[in-house]
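Take a walk through this model, one contact at a time.

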Amino acid sequence: MDEQVADLLGSLTLPGDVKSAGRARLFVEQMLDGRVDDMSAVALMTSELVTNVAVHAASQLTVTVRAGPPIRVEVHDGVAATEAFRDLVKAGGTMPDASASGGRGLHLLRLLSSRIGLDDDPDGGKVVWFEL
């Protein structure tokens, strides 16, 4: 059996708007109930990824949760990753100035997760994910 299929806990497709962040958090919390120690961190990281899609990609998205190990939460969208975004995911960087209106999401994911990444979706678009 394909490892990616074997560890699938569930997937949820949502519209690409900021209201989807709450539904995505609830879904991930339900899928991972009893499996993680810090659900608030998982909920925050899920919100960050979904909000990034709503703000930057404005496409339908799918949240996928895998049991692992490691546990992985993925957000798939229909927009290909730009080179600038690929560099941002790879490079890391520092937290932006306190007066900046954005730019903290990926930095927070690095601090709260064991690993983050970006993959090309074979069906088009990209998959941004974090692992615990």
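H3 passes H5 in a left-handed crossing. Keep in mind that this is a predicted model. H3 and helix H5, which covers residues 105–112, pack at an angle of about 150°. Their axes are 9 Å apart. Angles over 145 degrees count as roughly antiparallel, so H3 and H5 are roughly antiparallel to each other.

Which residues make this contact? From H3 come Ala 41, Leu 44, Met 45, Glu 48 and Leu 49. H5 supplies Gly 105, Leu 108, Leu 109 and Leu 112. By class, the contact of H3 with H5 divides into 7 nonpolar residues, 1 polar and 1 charged.

Now turn to the contact of H3 with H2. Helix H2 spans residues 20–32, and helix H3 spans residues 39–57. The two pack at an angle of about 140°, with their axes 9 Å apart. H2 and H3 are therefore oblique to each other. The crossing of H2 past H3 is right-handed.

On the H2 side, the contact uses Ser 20, Ala 21, Ala 24, Arg 25, Val 28, Glu 29 and Leu 32. On the H3 side, it uses Met 39, Val 42, Ala 43, Thr 46, Ser 47, Val 50 and Thr 51. The classes here are 8 nonpolar, 4 polar and 2 charged residues.

Next, the rings. How many aromatic pairs does a search of the whole structure find? The search finds 0. Rings do take part in contacts with charged side chains, though. The charged end of Arg 72 sits over the ring of Trp 129, at 3.7 Å from the ring centre. The charged end of Lys 126 sits over the ring of Phe 85, and here the distance to the centre is 5.9 Å.

Last, the backbone. Most residues other than glycine have a negative phi, and most peptide bonds are trans. Look at the loop between strand S2 (61–66) and strand S3 (72–77), where Pro 69 has its place. The peptide bond from Gly 68 to Pro 69 is cis, with omega near 15°. Pro 70 is also found in the loop between S2 and S3. A cis peptide bond joins Pro 69 to Pro 70, and its omega is about -5°.

Where is Ala 58 found? Ala 58 is in the loop between H3 and S2. Its phi is near 50°, a positive value in a residue other than glycine.

Note on methods. Residues numbered from 1 in each chain as written. Predicted model: local features only at pLDDT ≥ 70, side-chain atom pairs only at ≥ 80, totals over all residues. Heavy atoms only, no water. Axes fitted to C-alpha atoms, helices over the stretch in contact; angles between N-to-C directions. Helix = DSSP H or I, 4+ residues; strand = E, 2+ residues; numbered from the N terminus. Parallel < 35°, antiparallel > 145°, perpendicular 65-115°, else oblique. Left-handed = near helix turned anticlockwise from the far one by under 90°. Contact = heavy atoms within 4.5 Å. Nonpolar A, V, L, I, M, F, W, Y, C, P; charged D, E, K, R; others polar. Phe/Tyr/Trp six-rings, centres within 6.5 Å; stacked < 30°, edge-to-face > 60°. Lys NZ or Arg CZ within 6 Å of the ring centre and 35° of its normal.
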